Amino acid sequence: MIRTAFFTSRADTEPTPETLEVASLVRQTLSGDSAAFEGVILRYERRVVRLATKLLGVTEDAQDAAQEVFLRAYKYLHRLDLQKPIDPWLMRMTVNVCRNIGRSRQRRQNTFCHCETPPAPAGETRRDPYRDVVEEQERQMLWKALNSLPEKERIAVTLRDIEGLSTSEVAAILETSESTVRSQISRARVRMKDAIDEMLGGRQ
Amino acid sequence: MNCGHSREILALFIEGDLPAGQAERIRSQVQACAECRQTCEELRASQSLIRARLKISLQTPSIQQRVMSQIQNERRTLGWAVQIERAFVLSFRGRPYAFAGLTVLLVISAVLLGQPRHALPTMEVPLGYRSWVQVRDNVYVDPAGYREYMKTGAFPEGTVFVRELARSEGNKEPDPHGTLVVSVKDTSRFEGRWGFYAFGEKEGSVAPSNGTCQPCHAAHAQTDQVFTQFYPVLRPARMDIG
């Protein structure tokens, strides 16, 4: 990681305006103006909290995770390669922080882990109370199914299908190959489909 | 499945996750296989259900305040390791050759400093020394060293003396020197030309004890730190008495 900061690749494509802007905020922060870091937080906190919520299922935990992510980012800001976008780096830290929180939570109490579901999207017009109940039930069962996937598959499929990132973006975040990501998400999708079949079959 | 497509491959196919070439092959085979088409439909349905139901609402207060106040506290306690690393990275950023040069320099100096200054060799009890040339009742010298000395009056490199410290049976008091002392001429490894070793009851190799032995040998021995004055056999070649 330190090496990439030293040997910055200049042959890559031109950095985007966003990358340049973040790079200038990072430079200011590193030269002692820690207020410039607020700009970085404001720009990325929603993405970090959103991913943490999907990985942890609990909003309060996700907030703690996001806080930890930005503190770590601040601490290791000098390791960042300013030629490249900051997002994969932040997402990678988010995944790692959430993994740690998840593990310590599992150690503390097993039951705590699999029963929490993140809040449903609010503000949609409710036409049919019966439909609402069904949808809520489906939502809970799908989170449960997602949470029961093996950790690596769950993280990969969350980034790819629920966050909507591309396979190569997921591979960059998880620091693995695209083919590894493909095999993880393919298995996860099949498992999710089986869980859905079971769920719908059980209801009818 | 008839055409042998795994559901996993189809799960990638329906989301466009396969590399172009493979995707084309699967596409034509899926068109030909009703069962595959059915599986693809089911997978598409489950994927869209997942997308629809696993949306989350995010109405959380900004964490910016919390993080910034933490940072103010933590700035003083960033940790010296991180601070050194940061100073290092920032001063060498964009200067990879300077960094590479410094690294090489550090490695070389670490290797040089890590080596023991004068690694003095250890020694084991010489095998069969009792068949060597006996120069006194309890002192032996190796035959090659003996011959050379008798010819030239000087001890060649590698000459070995062995002195047994056996005592009479009644005397149980241990000799402070041990049971056997050995000296070897090795100018390249010993500043004082000779290495002195004292063996005790235990077997195995011992480190040199030049500090204990050499001062006396250097001060009182007649010929090249060897007590030739006490070894009548070596008398004929002594230079000092001609």
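Helix 3 of chain A crosses helix 4 of chain A in a right-handed manner. The contact is formed by A:Phe37, A:Ile41, A:Glu45, A:Val48, A:Val49, A:Ala52, A:Thr53 and A:Leu56 on helix 3 of chain A, together with A:Thr59, A:Asp61, A:Ala62, A:Gln63, A:Ala65, A:Ala66, A:Val69, A:Phe70 and A:Tyr74 on helix 4 of chain A. By class, these residues of the contact between helix 3 and helix 4 of chain A comprise 12 nonpolar, three polar and two charged. Helix 3 of chain A covers residues 36-56 and helix 4 of chain A covers residues 59-75; the two pack at an angle of about 135°, and their axes are 8 Å apart. Helix 3 of chain A is therefore oblique to helix 4 of chain A. The model described here is a predicted one.

Helix 3 of chain A also packs with helix 2 of chain A (residues 17-30), the axes of the two coming within 7 Å and crossing at roughly 140°. Because of this angle, helix 2 of chain A is oblique to helix 3 of chain A. The crossing of helix 2 of chain A with helix 3 of chain A is left-handed. On the side of helix 2 of chain A, the contact is made by A:Val22, A:Leu25, A:Gln28 and A:Thr29, and on the side of helix 3 of chain A by A:Ala36, A:Phe37, A:Gly39 and A:Val40. The residues of this contact between helix 2 and helix 3 of chain A include five nonpolar and three polar, with no charged.

Chain A as a whole contains 10 helices and zero strands, and its pattern along the sequence reads α-α-α-α-α-α-α-α-α-α. Of the 204 residues in chain A, 35% are buried. Where contacts in chain A join residues at least 6 apart in sequence, 64% of them link residues at least 24 apart.

Chain A is also in contact with chain B, with 50 residues coming from chain A and 40 residues from chain B. On the side of chain B that touches chain A, two or more residues each are given by helix 1 (7-13), helix 3 (34-53), helix 4 (64-75), helix 5 (80-92) and helix 6 (96-114) of chain B. That side of chain B has 20 nonpolar, eight polar and 12 charged residues.

For the complex, the predictor reports an ipTM of 0.78 and a pTM of 0.62. The average pLDDT of chain B is 84, and 90% of the residues in chain B score at least 70. Where pLDDT is low, the predicted coordinates should not be read in detail.

Definitions and conventions: Residues are numbered from 1 along each chain as its sequence is written. Chains are lettered from A and ligands numbered from 1 in the order in which they are written. This is a predicted model: local features need pLDDT of at least 70, side-chain atom pairs count only at pLDDT 80 or more; totals for chains, interfaces and linings use all residues. Axes are lines fitted to C-alpha atoms, for helices over the stretch in contact, and angles run from 0 to 180 degrees between N-to-C directions. Helices (H or I, at least four residues) and strands (E, at least two) are DSSP runs, numbered from the N terminus. Angles under 35 degrees count as roughly parallel, over 145 as roughly antiparallel, 65 to 115 as roughly perpendicular and the rest as oblique. A crossing is left-handed if the near helix is turned anticlockwise from the far one by less than a right angle, and right-handed if clockwise. Two residues are in contact if their C-beta atoms, placed from the backbone, lie within 7 Å. Ala, Val, Leu, Ile, Met, Phe, Trp, Tyr, Cys and Pro count as nonpolar, Asp, Glu, Lys and Arg as charged, and the others, Gly among them, as polar. A residue is buried if 20 or more other C-beta atoms lie within 10 Å of its own, exposed if 12 or fewer, and partly exposed in between; C-beta atoms are placed from the backbone. pLDDT is the predictor's confidence in each residue, from 0 to 100.
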